[in-house]
Amino acid sequence: MTKGAKKSYYSSNMGIYSYIFGSVIFVSALSLIGVFFLSLSSELLKKLIFFLVSLSAGALIGDSFLHLLPEAAETSNGRLGIWLWLIGGIIVFFILEKIIHWRHCHVPTGPDHPHPLGMMNLVGDALHNFFDGVVIAGSFLINIPLGLTTLIAVIAHEVPHEIGNFGILVYAGYSRGRALLLNFFTALTALLGALAAVLAGPKINGFADFIIPFTAGGFIYIASADLIPEMKKETGGFKSFLQLLCILAGVGLMLLLKLAFE
């Protein structure tokens with residue numbers, strides 16, 4: 001590629017890069033959301049997360065089945081590979097949990113609850129945020145509407161996730177100020193993930209054919225293996241009904257975005 005061609009290529013992609021890195025910086029900044037909850041009791045924090053986890057589950061499921069998988073089926077002409085990458089996404093996220101003892105458990109409930117504490121939680125969160133950066137950048141590289149819907153799904157998940165991480169770090173013995181700072185530093189790995197996708201994505205043949213279904217597999221795993229089991233711990237009839245409404249609201253949001261972008 002000549003110097004002129006390179007300049008033209010990067011100029012034409014500056015808009016997409018602005019979307020990518022602006023979005024990832026915003027998602028990383030969500031790690032500071034704990035500052036709004038410094039004065040809240042753990043009981044009130046649990047009640048807030050209760051609703052956010054349900055909304056998050058619905059948004060992740062809706063984005064996977066209404067946006068990501070239809071896009072994957074269209075770009076790959078329905079080839080078998082997209083379903084293998086979907087399964088691959090589920091398996092990879094399962095392996096990550098096993099290797100680093102990472103659990104997307106959002107509600108610290110006491111000393112007997114099996115939360116990964118301290119440094120292990122930080123390592124797991126850093127890796128999780130790296131993948132967030134990859135999937136956000138990868139989606140925007142396919143097209144901007146897909147990037148925006150994926151961004152919204154990630155945001156819906158990150159809000160309860162980051163609040164939960166803040167609570168876990170405080171529970172592990174960190175001061176609230178230090179927990180907030182460490183949570184922010186781990187969130188910055190999303191920028192590394194986005195940079196990796198931007199640099200490697202255009203050079204990989206069939207990048208869209210695997211990144212989209214892989215992302216869908218990861219989202220489905222998080223929703224079904226991590227979030228929904230947390231929700232099942234609530235057995236009260238009224239609260240269960242509220243959970244259902246929040247799930248439907250998350251799916252409904254993705255459906256409205258689907259209709260808006262068509």
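**Figure 1. Helix α8 in the predicted model, residues 189-200.** Within α8, the buried residues are T189, A190, G193, A194, A197 and V198. An α-helix has 3.6 residues a turn, so residues three or four places apart point the same way.

Figure 2. T150 belongs to helix α6, which covers residues 144-171. Its relative accessibility is 0%, and because buried means under 20%, T150 counts as buried. The side chain of T150 reaches the backbone oxygen of L146 at 2.9 Å. Leaving aside residues up to four places away in sequence, T150 touches D63, L68, V135, S139 and F219.

**Figure 3. A nonpolar patch on the surface, with I91 as one of its members.** The patch is formed by L80, W83, L84, I87, I91, F94 and I95, which together have about 680 Å² of accessible area. I91 is found in helix α4, residues 81-100, and its relative accessible area of 44% is why I91 is described as partly exposed.

**Figure 4. The whole protein, as context for the close-up views.** The protein contains 10 helices and zero strands, and 49% of its 262 residues count as buried. Among contacts between residues at least 6 apart in sequence, 83% join residues at least 24 apart. The accessible surface of the protein comes to about 12,400 Å², with 72% of that area belonging to carbon and sulfur atoms.

Note on methods:
Residues are numbered from 1 along each chain as its sequence is written. This is a predicted model: local features need pLDDT of at least 70, side-chain atom pairs count only at pLDDT 80 or more; totals for chains, interfaces and linings use all residues. Side-chain values use heavy atoms; hydrogens and water are left out. Helices (H or I, at least four residues) and strands (E, at least two) are DSSP runs, numbered from the N terminus. Buried means under 20% relative accessible area, exposed over 50%, partly exposed in between (1.4 Å probe, protein chains only). A polar contact is a pair of N or O atoms within 3.5 Å; within protein, one must be able to donate a hydrogen and the other to accept it, and residues adjacent in sequence count only if both atoms are side-chain atoms. Contact means heavy atoms within 4.5 Å. The expected span of a helix is 1.5 Å times one less than its number of residues. Patches are made of residues with over 30% relative accessible area and no salt bridge: like charges are joined within 9 Å, nonpolar side chains (Val, Leu, Ile, Met, Phe, Trp, Tyr) within 5 Å. Accessible areas come from the Shrake-Rupley method with a 1.4 Å probe; for residues, only the protein chains shown count as cover. A salt bridge is a side-chain nitrogen of Lys or Arg within 4 Å of a carboxyl oxygen of Asp or Glu.
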